[in-house]
Amino acid sequence: MESHHGEIQELARPTSPPPPQNIGDEPPKTEETKKDYHKGCPGCQLEEANEIRTGIPYLNFFYICIIGLTSTLPIQSLFPYLYFMIRDMNIAKQEEDIGFYAGFVGASYFFARIFSSVPWGIFADKYGRKPCIVISMLSVIVFNTLFGLSTRYWMAIVSRGLLGMLCGILGPIKAYATEVCRKEHQALGMSLVTSSRAIAFVVGPAIGGFLAQPAEKYPHIFSKESIFGRFPYFLPCFTISILAMGSCIACIWLPETLHFHNDGKVGSADEEAQISEEVEAQVGLSNIEAGVSSDTSLKNLLMNWQFVSSVIIYCTFSLHDVAYLESFSFWAASKRKFGGLSLTSQDLAIVLTISGAGVLVYQFVVYPFIVKYFGPIRPLRPAAIVTYPMVQVQPQKQRGAANGISVTVLSLFKGVGPAGAGTLFSWTQKHVTGLFLPGDQILFLVISMVAVVGLFMTFKPFFSMSNALGRS
């Protein structure tokens with residue numbers, strides 16, 4: 001360690017200025033003159049084009065929005081009709097068990113994604129973002145359609161699981177959004193990915209709730225003998241598959257952002273040096289002073305407690321969100337004798353669409369101002385505190401590797417959410433009375449405690465904010 005320190009101190013000593021150049025000498029190369037574009041490399045072609053075009057790539061950003069929206073719709077459209085779909089499969093021996101079986105259908109997508117998120121990130125880094133996006137869209141077309149045609153419980157589980165495993169777009173689309181444009185537009189690209197998923201909170205429940213069971217809701221348009229009458233949950237899935245087909249066609253015009261060179265390496269030496277500098281800047285100067293290389297820093301990503309604690313907090317609140325969304329949908333659809341509201345899938349679509357619209361307005365209008373003045377962490381704490389009474393009041397009366405790691409953990413938590421919530425929901429349906437609280441109140445009490453746990457995680461010693469996050 002001392003030898004490394006000595007070398008760094010030696011390098012840090014001021015050196016005498018270079019001797020003046022003769023008039024005929026070649027001027028020193030700047031960063032721009034050193035830029036070397038490889039012929040036939042799609043990444044180099046895109047970078048060269050971005051240097052010429054200084055404007056916002058509206059068309060590419062539009063394609064990113066559509067792809068991000070389409071890939072999220074199979075998740076957000078499910079819950080308005082899942083309870084009724086499991087009921088019609090007759091897998092539950094009694095009505096109180098519907099939530100138990102439905103929970104595992106909702107969880108199968110996320111459980112399958114646990115095993116594929118990191119491999120998809122590696123695949124995108126090696127073979128390109130575009131093939132990953134195309135395969136993901138094709139998986140939505142095939143397996144989301146099969147899910148809508150499912151009349152057996154095992155078919156629903158398998159089709160949702162394969163959809164989650166093969167739709168590996170979550171991490172690569174974030175990387176693509178920052179690579180397809182100039183540096184000054186990268187923040188806009190990332191915000192579009194997030195915004196497209198926020199829009200899915202509005203569009204998804206509307207598609208799922210209004211288009212499920214069309215022969216019952218719109219008998220003058222769809223007969224019971226038609227394919228939509230025999231498969232009452234096919235229409236919402238088929239609609240999303242049509243959108244996915246359009247997204248897949250749009251991929252034809254998407255440029256590849258990854259660099260492929262004739263020497264078999266991905267990226268040029270200049271880009272590797274730039275990546276190395278970015279990694280060193282992210283992990284801090286302490287690693288450089290200790291003589292730790294950027295490769296070692298990447299391998300020790302899981303040793304970075306700030307990163308790990310941030311992912312755990314994010315996953316905890318994600319577990320709360322997906323568990324609440326599923327539990328609310330099941331509870332609202334269940335009969336009044338079990339403490340539910342006896343809502344139809346269309347009623348659920350209206351409720352969840354309005355809720356999603358509120359999230360969308362908050363994200364676009366309110367949240368940017370809050371983060372600007374208070375930072376991203378401080379507003380999270382009062383929001384978690386408000387979550388507890390808001391949830392409790394309802395049942396009374398009414399780049400590729402890091403993204404892959406975070407998506408893997410997120411999928412684990414989101415998989416536990418629907419499965420655990422569905423099991424707990426079935427248990428509370430069987431214990432409506434006879435406990436210290438009504439069963440439905442116990443259900444939402446447990447979900448509220450997840451938010452409380454997430455709240456405590458935002459404080460020291462579990463989570464230590466960096467200077468950027470801690471600013472007020």
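Residues are numbered from 1 along each chain as its sequence is written. Because the model is predicted, local features need pLDDT of at least 70 and side-chain atom pairs count only at pLDDT 80 or more, while totals for chains, interfaces and linings use all residues, and side-chain values use heavy atoms, with hydrogens and water left out.

Q: What makes up the secondary structure of the protein, helices or strands?
A: Helices (H or I, at least four residues) and strands (E, at least two) are DSSP runs, numbered from the N terminus, and by that rule the protein has 24 helices and zero strands.

Q: Why is Ile447 called buried?
A: Buried means under 20% relative accessible area, exposed over 50%, and partly exposed in between, with a 1.4 Å probe and protein chains only; Ile447 has a relative accessible area of 5%, so it is buried. This residue belongs to helix 23 (residues 439-457), and, leaving aside residues up to four places away in sequence, Ile447 touches His320, Ala323, Tyr324 and Ser327, where contact means heavy atoms within 4.5 Å.

Q: Why is helix 10 described as largely enclosed by the rest of the structure?
A: Nine of the ten residues of helix 10 (residues 170-179) are buried, so the helix is largely enclosed. Among the buried residues are Leu170, Pro172, Tyr176 and Glu179. For the protein as a whole, 44% of the 472 residues count as buried.

Q: What makes Lys335 and Glu95 a salt bridge?
A: The definition asks for a side-chain nitrogen of Lys or Arg within 4 Å of a carboxyl oxygen of Asp or Glu, and the closest N and O atoms of Lys335 and Glu95 are 3.6 Å apart. Lys335 lies in the loop between helix 18 and helix 19 (345-374) and Glu95 in the loop between helix 5 and helix 6 (98-114), so the pair ties together parts that are 240 residues apart in sequence. Lys335, with a relative accessible area of 41%, is partly exposed, and Glu95 is also partly exposed, at 22%.

Q: Why is the aromatic pair of Tyr83 and Phe330 called tilted?
A: Rings of Phe, Tyr and Trp (its six-membered ring) pair if their centres lie within 6.5 Å, and planes under 30 degrees apart count as stacked, over 60 as edge-to-face and the rest as tilted. Tyr83 and Phe330 stand 6.1 Å centre to centre with 45° between the planes, and the pair is tilted. Tyr83 is in helix 5 (residues 79-89) and Phe330 in helix 18 (residues 305-333), 247 residues apart, and both residues are buried.

Q: How do you know that Phe228 and Phe234 are stacked?
A: The angle between their planes is 25°, and the centres are 5.7 Å apart, which makes a stacked pair. Both Phe228 and Phe234 are buried.
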